[in-house]
Amino acid sequence: MENGNKPLNSSVIRIEDLCVSFGGVPVIRHLDLEIGRGGPTFLLGRSGSGKTTLLRAINRLNECFPGSETRGRVALHVGGAWIEAYAPGTSLERLRRQAGMVFQSPNVLPLSIARNLVLPLKTTLSLPDDECELRMEAALREVHLWDEVEDRLAVPASTLSGGQQQRLCLARALALRPEILLLDEPTASLDFKAARQIEDLLAELKSRYTLVVVSHSLSQAHRLAERVLVLRDGGSIEALPENVFRDRDALLAVMDEIV
Amino acid sequence: MTRPPRLEEKVVRGFSWAAALAVPAIVGILLGFLLWRGVPGLSLSLFFGDTPPLDAMLRSAPVFDGLWPACQGTLSLVILAMGLAVPLGIASGIYLAEYATGRLRRVLSFCVDLLAGIPSILMGLFGFALILLLRKTVAPVANTGLLLSALCLALLVLPYLISTTRLAVQGLPHALRLTGASLGFSHGQVVARILLPAAMHGIFCGVILAIGRAAEDTAVILLTGVVANAGAPSSLTGKYEALPFHIYYLAAEYQTPAQLTQAFAAALVLLGLTGLMFAMARCLHARLDKKWKTGTSH
Amino acid sequence: MSLTTNRLCERVLFCVTAVSALSVLAIFAFLLWFAVPVFRGEALGSLLSWHWRPLRGEFGILPMLTGSLCLAVSSMLLAYPLALGLCCFVHGAGAARAARPLLAVVRFMTSVPTVVYGLVSVFLLVPIIRSAFSGSGFSWLAAGMTLAVLIIPTLVLLIDSQFRQVQESIGQTAAALGFTPVQQLLRLTLPLSRRGLGMAATLGFGRAIGDTLIPLMLAGNAARPPQSLLDPLRTLTSHIALVVATDSQSLVYSSLFACGVFLFLVSLLINLGNQALRGRRVSDD
């Protein structure tokens, strides 16, 4: 398995022989890869190459879509130990809390800002009220949203701007104290300024969480990525060497050729 | 580049205008006639006859020649019927929207659709058959009454509740379910904590419309225990009066002009009741929606 | 919520739904059971005759069957064009500003109790018919007109939602191609709505044939097939209501249940017809 120039000091996600199909149509075929601590690790590839499916295979969200079939092994190193994502005894809910996900378009719940954060804490972790408040504030501070919303927490979350909503979704995932963050084109639906804010945030978060980012933007990968993996039509995955993705022209050239 | 309208377009246009004018005109005539004949009869004595209102309401003084017993009967019926139908209907609607799949879902849906299409008189006949069966077997003194009517009315409105609940839940965006799953909610938690609150206004509207339907039905209660004179509903197995039947009875058997006026006034009262239910359903729609969005309580 | 709690909830919900669904089977079973004495024996023959004379042992319900069909078909013939015309008005043939108040009026009509329609017709429509034509006024005509008014809102709301669906998918395209609203209605919306229009018709027909109170109050209740619009008639539904009110021997009751079985089968047929019109989309519903 190629891993480029930098050896992985510790891998956090190991995927072996992953095959995912929907309604009989294969989307990912016999994929092997390792994702290391921190990152961000960027997943690039053509539309339809299965990047989002791959991401969703990690937190088993593909199962929410009808007709999905997954075979293979996905192991995550969380809570100090390795867990098998697809083992029968694995708690699906715990897995999804530990590998938090942020979607392409901000999917705030039709609730107030505060309730967006507190509802998952109360429902999945059964935390008492005061603990929920503490975590909520901590998460909002972590995404630099606290100052902007602290005086209007009861307001519907849908009134926030796109960038703010996306940060809220990030805070919502962070409040559950994950170790891994899966980001599916997190800046795709945002304007330039909001996108930059998210990118700066990711740069901060990478020291505390393992980030896996699916992206369409080569310049974003160029700016942010620690590692770049290119997915080719579900079949193979190639790690781009650092000297390639740190150089804009080289990156463009390689991507043109690959996809 | 427009060309002059062809003949068929003119015909369609003319016909549509005729229909659009005819229907409101009919409604107007209907309402006008009802108001003309009914308003003179509206008064406190319409409800309570000669008995003082407070005595009738608080001390159960008998009311003759007034609508109050019929109102009490209708109220009791509706409360009982909804008490039976609402939990059953909402639970079934949720099951069909979120849990049932494939063949099971098709079969159950077909049964519910069939139930919806059954003429109301057959619900009454079913109740009647139930009593005949009980008479022949375990309870020879069984007779039609309040509880039986409530049961049959519950069957009547059950498909409404199931359909509106189901549509309300199915109409929610798929993203909600995905978000819930990604946060580690189990399916049950997604349904209970996210989907159900989001669908609540739709479900509530369905409940209110069902209340209106139960209040106005005459065919079911005709066969299951309503009578013209029974006073206030005394027990679950006794006979009772009801507003729609009172109107029907007076229309067929009135003996004085005053009684006829009473019939029209009663019709206004019933129309006011069902119209109110209807208006509430449309109002509460927006209010509940807003309440859940701001969510002040945890 | 643990896995077992989840499973328990699902089981409970399933049982509840099963009860709701089975109730329809229970209704049919009861009706059938009580109709059995009539289906056996020579009473069956008399059931399918044209004479209802219980005192002479004749339990023919064909007059009532004819009455039901005549009434339902005639009221549909009145109501459907009006409903369709109104929807055409709202969706292109008329003023767009009048759409909302018009639909509000129609929605209001759905909240009017059936007995109120009946009451107004008895004291407004029947005297008019009586003075304009001969007879008592309680006739096929009176019941048909009132029943038509009763089912118009059902039809309008169904057809309107169908037009809306089509409008959403082709509205902008049609406008961009230079269609006027009337042209869009005539050339696109109506042809594309065939299935929905059919479904509205079947559901409206079901509603018309299942009503009890209008024929009971307005149709005169003679147990003979009507020869003209001014003749009285009796439907299966009003027949059941009338006969239960009288105390009689059990064979009469059995014939009632036979009526019930007929009505049930009619609504089953209507449902199947509706499903057929919906086609393979059944699995989504």
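The contact between chains B and C takes 69 residues from chain B and 65 residues from chain C. The largest share of the chain B side, 18 residues, comes from α1(B). By class, this side of chain B has 50 nonpolar, 13 polar and six charged residues. The model is predicted, and the predictor gives the complex an ipTM of 0.86 and a pTM of 0.81.

**Contacts between chains**

- Two pairs of chains touch, and the pair with the most contacts is chains B and C.
- Chain A and chain C are joined by no contact, and their closest C-alpha atoms lie 8 Å apart.
- Where chain B touches chain A, the contact takes 19 residues from chain B and 25 residues from chain A.
- On the chain B side of that contact, the elements giving two or more residues are α8 (174–182), α9 (187–216) and α12 (257–294) of chain B.
- Of the elements on that side, α8(B) gives the most, with six residues.
- The residues of chain B that touch chain A divide into seven nonpolar, nine polar and three charged.

- Helix α1 (residues 7–38) of chain B packs with helix α4 (residues 99–110) of chain C at an angle of about 45°, and the two axes are 10 Å apart.
- Angles under 35 degrees count as roughly parallel and those of 65 to 115 as roughly perpendicular, and α1(B) and α4(C) are therefore oblique to each other.
- The crossing of α1(B) and α4(C) is left-handed.
- From α1(B), the residues that take part are Ala20(B), Val23(B), Pro24(B) and Val27(B), which meet Leu102(C), Val105(C), Val106(C) and Met109(C) in α4(C).
- By class, this helix contact has eight nonpolar residues, no polar and no charged.

**Four-stranded sheet of chain A**

- One open sheet of chain A has four strands in the order β2-β1-β4-β5, with antiparallel pairing.
- Its edges are β2 (25–36) and β5 (81–84) of chain A, each with a single partner strand, so one side of each is left without a neighbour in the sheet.
- On average, neighbouring strands of this sheet are turned by 5° against each other, direction ignored.
- Strand β1 (residues 11–22) and strand β4 (residues 68–78) of chain A run antiparallel and are joined by eight bridges.
- Ser21(A) stands opposite Glu69(A), a residue of β4(A).
- The pairing of β4(A) with β5(A) is antiparallel and extends over four bridges.
- Ala75(A) has Glu84(A) in β5(A) as its bridge partner.
- β4(A) and β5(A) form a hairpin with two residues between the strands, in which Gly79(A) takes a positive phi near 60°.

**Six-stranded sheet of chain A**

- Another open sheet of chain A holds six strands in the order β6-β7-β8-β3-β9-β10, and its pairing is mixed.
- The edge strands of this sheet are β6 (99–102) and β10 (236–240) of chain A, each of which pairs on one side only.
- Neighbouring strands here are turned by 20° against each other on average, direction ignored.
- β6(A) runs parallel to strand β7 (residues 180–184) of chain A, and four bridges join the two.
- Val102(A) has Leu183(A) in β7(A) as its bridge partner.

**Chain C: elements, extent and confidence**

- The secondary structure of chain C comes to eleven helices and two strands.
- From the N terminus on, its elements run α-α-β-β-α-α-α-α-α-α-α-α-α.
- Along the principal axes, the C-alpha atoms of chain C fill a box of roughly 70 × 70 × 30 Å.
- The pLDDT of chain C averages 85, and 94% of the residues score at least 70.
- Residues 280–285 of chain C have a pLDDT below 50, and beyond near neighbours in sequence this stretch has five contacts in the model.

Note on methods: Residues are numbered from 1 along each chain as its sequence is written. Chains are lettered from A and ligands numbered from 1 in the order in which they are written. This is a predicted model: local features need pLDDT of at least 70, side-chain atom pairs count only at pLDDT 80 or more; totals for chains, interfaces and linings use all residues. Two residues are in contact if their C-beta atoms, placed from the backbone, lie within 7 Å. Ala, Val, Leu, Ile, Met, Phe, Trp, Tyr, Cys and Pro count as nonpolar, Asp, Glu, Lys and Arg as charged, and the others, Gly among them, as polar. Two strands pair if DSSP finds at least two bridges between them. Axes are lines fitted to C-alpha atoms, for helices over the stretch in contact, and angles run from 0 to 180 degrees between N-to-C directions. Angles under 35 degrees count as roughly parallel, over 145 as roughly antiparallel, 65 to 115 as roughly perpendicular and the rest as oblique. A crossing is left-handed if the near helix is turned anticlockwise from the far one by less than a right angle, and right-handed if clockwise. pLDDT is the predictor's confidence in each residue, from 0 to 100.
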